[in-house]
Amino acid sequence: MTDHHVGLIVPSSNLTMETELPRILRLRESAVPEDRFVFHSSRMRMRQVTPEQLRAMNAQTERAALELADARPDVVATACLVAIMAQGAGYHCTAEDEITTVLRAQGAQAPVVSSAGALLDGIKALGAKRVAIITPYMKPLTGLVANYIEDADIEVVDALSLEVPDNLAVARLDPADLLDHWRRLDLSRADALVLSACVQMPSLPSIQPAEDAIGLPVLSAATATAYRILAELGLPPQVPGAGSLLGGRLPVPARSAPE
């Protein structure tokens with residue numbers, strides 16, 4: 001058996017990334033028991049999902065990356081999608097490069113992924129050109145997320161904002177409710193549905209049921225982040241019951257070029 005050490009950079013109020021991502025990879029362990037996953041987190045202070053607090057949280061990235069560097073993880077994921085997307089098109093590349101620079105300066109060679117970049121990668125891996133999205137954000141932030149996705153040449157055909165500004169309240173949302181929420185979207189032109197465009201909004205139990213009901217690929221920020229983590233570890237994206245992106249039928253995605 002091989003233990004793969006995964007470093008996570010998460011908002012201080014995020015309760016979901018450290019539960020859903022391990023659950024996704026535990027499901028993979030049930031199918032591929034020779035690969036096991038160990039998690040190490042560093043936190044950045046943020047309670048309200050506002051532009052001001054998101055910018056203040058981003059300013060803590062270097063300190064969080066330094067803490068993870070000491071653990072020598074095999075891969076690092078930074079996991080606040082909207083904090084990156086709110087900064088403008090392509091900012092996930094800047095954020096990933098910033099963390100990579102800190103890690104390399106400390107002798108840590110882990111590749112870096114972001115939930116924002118991973119969501120774009122996941123949509124493209126599915127061959128989707130048009131998506132609908134559900135977010136927990138206020139409408140202006142959802143607009144920024146939609147614009148970010150569209151700047152990556154993916155059309156957002158419809159978007160639903162649940163308008164929950166308190167990040168702890170987002171973590172308490174019932175993922176089963178998403179099975180009703182998606183029905184409020186116009187999916188007539190969509191190639192895929194992003195059931196949760198937020199790593200804090202729980203969605204994993206509803207990914208496969210929604211996909212089965214809709215007949216379109218369904219993914220989330222969390223399943224897309226798992227997809228990229230597996231890619232950087234050189235492992236097939238094979239997770240039972242977590243949607244087409246992790247269904248094991250897609251080719252193993254390319255790893256990032258070494259620094």
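Analyst: Happy to! In this predicted model, Asn14 is in contact with Arg43, Ala79, Asn167, Val199 and Gln200, once its neighbours within four places in sequence are left aside. Asn14 sits in the loop that links strand E1 (2–11) to helix H1 (17–31). With a relative accessibility of 1%, Asn14 counts as buried, because buried means under 20%.

Gln200 is found in the loop between strand E7 (192–196) and helix H10 (204–214). Gln200 also has a relative accessibility of 1%, so it counts as buried. Not counting residues up to four places away in sequence, Gln200 touches Ser13, Asn14, Leu15 and Thr16, and also Asn167, Leu168, Val170 and Ala171. For Leu15 there is a further detail: a polar atom of the Gln200 side chain lies 2.9 Å from the backbone nitrogen of Leu15.

Now for the annotation itself. The unreviewed UniProt entry marks a "binding site" that covers Asn14, Cys80, Leu81, Val82, Tyr137, Asn167, Val199 and Gln200. These residues are spread over 187 residues of sequence, yet they cluster in space, with a largest C-alpha distance of 14.2 Å. Among the annotated residues, Cys80 is included in the lining of the largest cavity.

Notes:
Residues numbered from 1 in each chain as written. Predicted model: local features only at pLDDT ≥ 70, side-chain atom pairs only at ≥ 80, totals over all residues. Heavy atoms only, no water. UniProt positions renumbered as here; feature names shortened; annotations may be inferred. 1 Å grid on protein atoms, 1.4 Å probe; cavity = no way out; pocket = protein on both sides within 12 Å on 5 of 7 lines; lining within 4 Å. Helix = DSSP H or I, 4+ residues; strand = E, 2+ residues; numbered from the N terminus. Buried < 20%, exposed > 50% of the residue type's maximum accessible area, 1.4 Å probe, protein only. Contact = heavy atoms within 4.5 Å. Polar contact = N/O pair within 3.5 Å; in protein donor to acceptor, adjacent residues only side chain to side chain.
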